[in-house]
Amino acid sequence: MTGESPVGSSGGAPGDIPGDSGADRTHGADAQRLARVRRFVRTRRGAVATGLAVALLAGGLGTWATDTWPFDGRDQYCWGAWEQDSGPGVLGDEGFEGDDGRSRTSTGTAPTPGSPRGECRLTVASSHTFSDGDKDRQRTTVRVRYGPPPKSAGQRVSWLGGYLADRAMPLPGGLPGAADGNHGILVLPERCDARDGRPTAVTLDAHEEAADDDRVPDVPDLGGSQDVAELLVAAANKGMKAAGCAGAEPLRVTSVLPELPERADTFSRGPVCRIPGLDVRADLTKETAMRLVYQVGAVNEDLQSCSARIARSVRLGERSDQPLFDAVMVREPRLTRLLDGVATTEAPAKGWRGTGDFAADRRFVRAECAGRPTAFLLLGTPTGATSDYFATFTNAVARRLGCAPVAPTTDAEGGRR
Amino acid sequence: MSDMDRAMNKGVKGAEDTDAEGTDAEGAALTVNAAKGDGAVGAPTDGAPTDGAPAAPADKPLGVLAAAIAAAPPPWWHWRSLRRLSRGHRRRAVAAAVAGALLGGTLVAWQVEAGPFEREQACWGALDEDDVADLFHGKRDIEYSQMDIGYDRIASDGPSGRCELRSPRGHRVRAQLHRLDTRFGGDRDVWADEYLSARMTPLGGGLLGMVSDTRAWLAVPEGCVGRTPDRDGPLVVDMEAGWTTYRDAVDPDERARLARAVVKLVNHYMADQGCDSDLPDPTDRLAAPARFLDEKPDAFCGVKGLRLPGSRESSSYERPMVSSGGGPVRTCDRDVLFGHPKLRLMTVENSRLAALYEGLSFEGGRRITAEGDTKDQVRGRGFLREDMALYQASCQTGDVTFLIRSDGGGRAADIRRLMPRYIAAEADRIGCGPLRLRLPT
């Protein structure tokens, strides 16, 4: 910086001083003031003071330019759990779809040791004007909730099923939870359990506000399921700290999601989700059967899901798919803990093994399967005109896991064993 | 205050200008002197300005500070002070400056590990010297050559790269990044023989990869690079470190070395692709390596209930080796010669890996069908040939390949006899049962 040169000259000036007369030749008050400044700078104390000022200024500029404390200038959201540009797409520049009117704000309250429930809503907004004058508005909301699962048994089944079905994949590194591109769930360790024994979970739901002229609703883009996992874990860590149940080591996404969900299958003629006997087409009209789509989610030792739906018909003006059912098997111990107390002590219906609870559009059964308590649940239409989807799913998955049938076996299924 | 700031700014700027002129002139003078020879450098005889810039006109108050500064004694580092040094002093000063610059540059280079201090990063920058030494039992005289990771945009084969590490004693380790080739003549033959052999143990932890003491492979997780189209094979890094000899048991230390290295290579590739999370070191969770199996008479290759009728034939095989630890494949190899088994019974449970055999399952031979197949719905497809039986079934987990193969001839009868029971038993084990096949006549 050039500003340092007077300091240098006053600090170690060598002996011979040529005519010290810059100020003498001037007449204005300005000049006198300047001369005073120069004389001050020449004294030792002045030199020190100026040096200090310059150093402070330089340091300030430096920290400002490099975005470090106290000028780090990065916004924080959701109880300080998330930071701008910290990795997940929605927190970076790519979180904005348009160039104009960008804003990212969050509201909500963190959990406290006294009341271990928290909520936060992050809103990302921007807009974009196309060359033909059309305007596209983005308004993505990400809602995070920290707390116990819903108290009502029915709600709890639908709530958990919603996070495990469709394209959700288990979180990597053994974290008890699942995520897809726009929502996810993570169950916190036992030390965070509520007083009544229910585990605490952190959930994330993203939503994109639909414009009136959209033919199909927009899907929020948070940066992919890996980024959703990162967001979940960051919110869980901050929430646990705020609620006073943080462990010595924060939770971490230790690895990349090893696998991603399969593409939804539209043209297969085989059984839905490759589950033997799960024949949905027979119950549909020829027209709707052609629009049947199924999505195989995770299929492993801890989790399996199968979602069937009727694809929207743009011709008929439908804006979204019509869900048929979401069937889920879960036996990850912490996830199944969320369903404790949902079932009565009785079998859900005649001939079923284990305990459960059946409703018109929701079924739940829990039974011992190959040495582990295993939960099966279905949201949506549980039975077709010719077959019982839930029973077929449950027994097929039980068989895959190597355990006895849970649903009453029909002749056809019994014969297969 | 702001007034004064402005004044100072302007003043300083002015001073700079005049100063620059001064040095320019001096610089010119110095070059002239230098041309005359070394001796003349010291003499300050030329018309270099000694009295600084001309005084500022009095009627420009803002220029006053400039003038004042220009008129001030020059700072100690100024050329004019330098010139006052005697010849000896100047030489010393120059020497000191040169030494200082060299030292500074060296320090900087050392600090950022550039130039001569650059730490050698072998194999696309993934393995540092310690990693390489780990692979070669602590030896540090390892050379390497590589083909950088690049794309073949014409054949659409995906990214690929090669690397080879050599010790002067003749030991070699090769690493390769490539997409498994599911086409005719692709990786389902030689690659599968070596990298899906019974000596391999799965890397575990949800990863798609296996390792032995001479081979290792690991698929790049889909969460980083996205899911490959169903017909394409996964993108893998594989490593080979010498011959596979079936006589010896797998050396766990060697296996751990390769496991660490292949994970490092994949982690480095993922970091290049912008994926932050690293795969953890897998060595702690590796299963015990497979050993030769003393099979019971009714458990050919350790598959319960599988018999090879006619004991004369059965005894013509040596003891089998069956892969351990669960995982993407279950392989039983018998009578392996130069890395190729004379008879292999293999179940490829992982559907991404089973893509290797998808194309083959459509190929010729007498078709195998399953009980319960209808015109519309089939359990899978496959064929029976003299040297091979293959069935690809559609299971809840995805496509699964069952395979019996013989490298030598004269095993057609064995393959035919083993096939239905082997596939039925294996389908039950992996949760894809019941699967009863009908042999082609």
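Is D181(B) buried, partly exposed or exposed at 22% relative accessibility? D181(B) counts as partly exposed at this value, and the views below place this residue and others in a predicted model.

**View 1. Salt bridge between R183(B) and D181(B) in the predicted model.** The two side chains meet with an N to O distance of 2.9 Å. R183(B) has a relative accessibility of 45% and counts as partly exposed.

**View 2. A salt-bridge network in chain A.** E190(A), D193(A), R334(A), R337(A), D340(A) and R366(A) are joined into one network by salt bridges that share partners. Over all chains, a search of the whole structure finds 55 salt bridges.

**View 3. Salt bridge between E318(A) and R291(A).** The N to O distance of this side-chain pair is 3.1 Å. E318(A) belongs to the loop between β11 (303-310) and β12 (322-330) of chain A, and R291(A) to the loop between α6 (286-289) and β10 (292-299) of chain A, so the contact ties together parts that are 27 residues apart in sequence. E318(A) is partly exposed, its relative accessible area being 29%.

**View 4. Salt bridge between K264(B) and D131(B).** The closest N and O atoms are 3.0 Å apart. Because K264(B) lies in helix α9 (residues 252-272) of chain B and D131(B) in helix α6 (residues 129-135) of chain B, the pair ties together parts that are 133 residues apart in sequence. K264(B) is partly exposed, with a relative accessible area of 32%, whereas D131(B) is buried, with a value of 14%.

**View 5. Helix α5 of chain A.** This helix spans residues 225-243 and contains 19 residues. From its first C-alpha to its last it reaches 26 Å, close to the 27 Å expected at 1.5 Å a residue. The helix is mostly covered, 14 of its 19 residues being buried. G244(A) follows α5(A) and has a positive phi, near 75°.

**View 6. Negative surface patch of chain A.** The patch is formed by D85(A), E94(A), E97(A), D132(A), D134(A), D136(A), D218(A) and D221(A). Of these, D218(A) is located in the loop between β9 (201-208) and α5 of chain A. D218(A) is partly exposed, with a relative accessible area of 33%.

**View 7. Nonpolar surface patch of chain B.** V94(B), V98(B) and L102(B) make a patch of about 280 Å². L102(B) is placed in helix α4 (residues 87-112) of chain B. With a relative accessibility of 57%, L102(B) counts as exposed.

Key:
Residues numbered from 1 in each chain as written. Chains lettered and ligands numbered in written order. Predicted model: local features only at pLDDT ≥ 70, side-chain atom pairs only at ≥ 80, totals over all residues. Heavy atoms only, no water. Helix = DSSP H or I, 4+ residues; strand = E, 2+ residues; numbered from the N terminus. Expected span 1.5 Å × (residues − 1). Buried < 20%, exposed > 50% of the residue type's maximum accessible area, 1.4 Å probe, protein only. Patch = residues over 30% accessible without salt bridge, like charges linked within 9 Å, V, L, I, M, F, W, Y side chains within 5 Å. Areas by Shrake-Rupley, 256 points an atom, 1.4 Å probe, with all protein chains shown as cover. Salt bridge = Lys/Arg side-chain N within 4 Å of Asp/Glu carboxyl O. Lys, Arg positive; Asp, Glu negative; His and termini not counted. Charge placed at Lys NZ, Arg CZ, Asp CG, Glu CD.
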